[in-house]
Amino acid sequence: MTKLILKSKYGNEDKIIQAHLDYLENLTPIKDLSPSALNELYIDCNRRLQALDALGEKTQLYGRILAPKILRAFPHEICRNWVVYAKRENFAESDVTKLMKFLSEEVEVTITANNINGSLVPSYPIKSSLENFNVHSRPINARIQKLKATNRCFLCTNRGHVQKNCFRKEKYRCSKCRKKHHVSICKTPTNEQSATTSTNKIDTCTYNFVHLQTARVFITGSNGITKLTRYLLDDGSQSSFISSDLVDMLNLPVISTGPLDLQAFESPTSFSDKRRQVQFQLSSIWDKAKVNVIAFERSNRYASHPSSPTDVSRLAKSKRMKLADPDDSLLSLPIEILIGADFYWNVMHSDTPVKLSDSLALVPSSFGWILSGSRSHATVSFNPSVHSINVDTLTHELDNMVRNFWNLESIGIQPIQEKLRLSTHNAELLTNLHKSFKIIDGRRVVHLPWKPEVKLTSSNYDTAIHRFNSWTRRIHANTELKQKYAKQMQDYIDKKNKSKPS
């Protein structure tokens, strides 16, 4: 009977699935915007989806219903970031799997930024994932002590490892001194450092430098050779140009040859020169985007130009933006192509640029986001990547659960258990356990804790008579069963008589 009751209550998979779906569909918007509340909401939603997967339900099929319900429970800023991210990566906003991965990263960023900034505060407001990491809130020595106390890496600020074991040690460097530590604990003084300290921002050095619109692309020639190069966007030029060395190396097809009139800016005269005009195709380093370009060859070389700075690269990574000219080991590539006004808008997009400051912006293009503008007096906000979810406020509750479990398992083993405050019922059970304990033939024997309201009979005679009468009524009502029973019993009697000694 007990098994049937449990099965009827907990064994119906349809009811369990419907209960999980009802919970997700009836989520209410979160009121407490603290990191711990966001983490609890995410874990609860993720646990429900994993339960549905374990029950054999394909959660992706419920995406159009569940994704809006789950997003509605999170702050508006996170919802807006998800919509932008989904459109940029070109996938459906109802993709539940990618949505949960995105929410996980958002919660991780919020929690770790808050942990680095100080202790967890329940009423901490969520603004955006880029406004919470404040390294100027304390002196450098205090930040170092904070990293040591929380067992964090000095390079990536994540927990669980030290700087020499950090998997980012070959790639990450301080943007000030280029040494192996996080920029927030750098003690190197800079003459050009910004004099103001902005809340929720990291003030970068105020370089007097103008970033031109450069990008990194692949170019493939008719001989099958593919080369990685950089181009410069210049809408002040009426034509596009490509290095003559690149034309010869890739054997680019020549579509015409003729004189080209050139006149430089502020030059009162122009001159004519015979140039080859070639056609080629540029491919993105990130995806399958391609642009066909027709350009004139040129023999002069462009001056070297730096790629995106480290802080801008970190900002782009935190916002999941793919830079067209990223900061990596290939940043010294020369500029060999100039895209003029004739193909400028074949490359650039008309989407809204992302302003980093009053004079610096990231502009969208077919090959990624291009940095453009003056770096003077520019401050760039960024947030480092995090890979763990840790909420210290839940530790106390978890400790109590583990402690209670251990106390229950150690009953009768640890003497200190007797000093604990037990309930009257538990104290009585423990006393009876000690009284009934005996060692018989080398075996430890204790009495079972029978419930006092259960009375054991001295004999089961009445029960046996009741079962016999029930069986008799049953075989008298069924002639076929009665005959089988009589035949079986007669066979048993015959075998028993044969086994008796003569």
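# Chat about a predicted model

Reader: Trp450: buried or exposed?

Author: Trp450 is exposed, because its relative accessible area is 58%. The terms use a 1.4 Å probe on protein chains only: buried is under 20% relative accessible area, exposed is over 50%, and partly exposed is in between. This is a predicted model, in which local features need pLDDT of at least 70 and side-chain atom pairs count only at pLDDT 80 or more, while totals for chains, interfaces and linings use all residues. Residues are numbered from 1 along each chain as its sequence is written, and side-chain values use heavy atoms, with hydrogens and water left out.

Reader: Where is Trp450 found?

Author: In the loop between strand E13 (443–445) and helix H13 (461–477). Helices (H or I, at least four residues) and strands (E, at least two) are DSSP runs, numbered from the N terminus. Trp450 is 21 residues from Leu429 in sequence and 9.9 Å from Leu429 in space, C-alpha to C-alpha.

Reader: And Leu448, buried or exposed?

Author: Exposed, since the relative accessibility of Leu448 is 58%. Leu448 is in the loop between E13 and H13. Its C-alpha atom is separated by 8.5 Å from that of Leu433, 15 residues apart along the chain.

Reader: Back up a bit. How many helices and strands does the chain have?

Author: The chain has 14 helices and 13 strands. Of its 502 residues, 38% are buried. Take the contacts (heavy atoms within 4.5 Å) between residues at least 6 apart in sequence: 62% join residues at least 24 apart.

Reader: Helix H2 next. What span should its 13 residues have?

Author: At 1.5 Å a residue, H2 (residues 13–25) should span 18 Å, and its end C-alpha atoms are 18 Å apart, so the two agree. The expected span is 1.5 Å times one less than the number of residues in the helix.

Reader: Which residues of H2 are buried?

Author: Ile17, His20, Leu21 and Leu24. Looking down the axis of H2, these buried residues fall within an arc of 95 degrees, so they line one face of the helix. The arc is taken over the directions from the helix axis to the C-beta atoms.

Reader: Why would residues three or four places apart point the same way?

Author: An α-helix has 3.6 residues a turn, so residues three or four places apart point the same way.

Reader: What do the buried residues of H2 pack against?

Author: Helix H3 (35–54) and helix H4 (63–73). In H4 itself, Gly63, Leu66, Ala67, Ile70, Leu71 and Ala73 are buried. Down the axis of H4 they fall within an arc of 155 degrees, so they line one face of that helix.

Reader: How much space is in the second largest cavity, and what lines it?

Author: About 50 Å³. The lining is His211, Leu212, Thr214, Pro306, Ser307, Ser308, Asp325, Trp369, Ile370 and Leu371. Strand E11 (residues 368–374) gives the largest share, three residues. By type, the lining has five nonpolar residues, four polar and one charged, where Ala, Val, Leu, Ile, Met, Phe, Trp, Tyr, Cys and Pro count as nonpolar, Asp, Glu, Lys and Arg as charged, and the others, Gly among them, as polar.

Reader: Leu371 is in that lining. How far is Ala361 from Leu371 in space?

Author: They are 6.0 Å apart, C-alpha to C-alpha, and 10 residues apart in sequence. Ala361 is in strand E10 (residues 360–365) and counts as buried, because its relative accessibility is 14%. Leaving out residues up to four places away in sequence, Ala361 touches Val354, Lys355, Leu356, Ile370, Leu371 and Ser372.

Reader: Last one, backbone. What is phi of Asn90?

Author: Near 60 degrees, a positive value in a residue other than glycine. Most residues other than glycine have a negative phi. Asn90 lies in the loop between helix H5 (76–89) and helix H6 (96–117), and Asn90 counts as exposed because its relative accessibility is 70%.

Terms used
On a 1 Å grid over the protein atoms alone, a cavity is a set of points where a 1.4 Å probe fits but cannot get out, and a pocket is an open set with protein on both sides within 12 Å along at least five of seven lines; lining residues have an atom within 4 Å of a point. Grid points are joined across faces, edges and corners, and a volume is the space filled by probe spheres set on the points.
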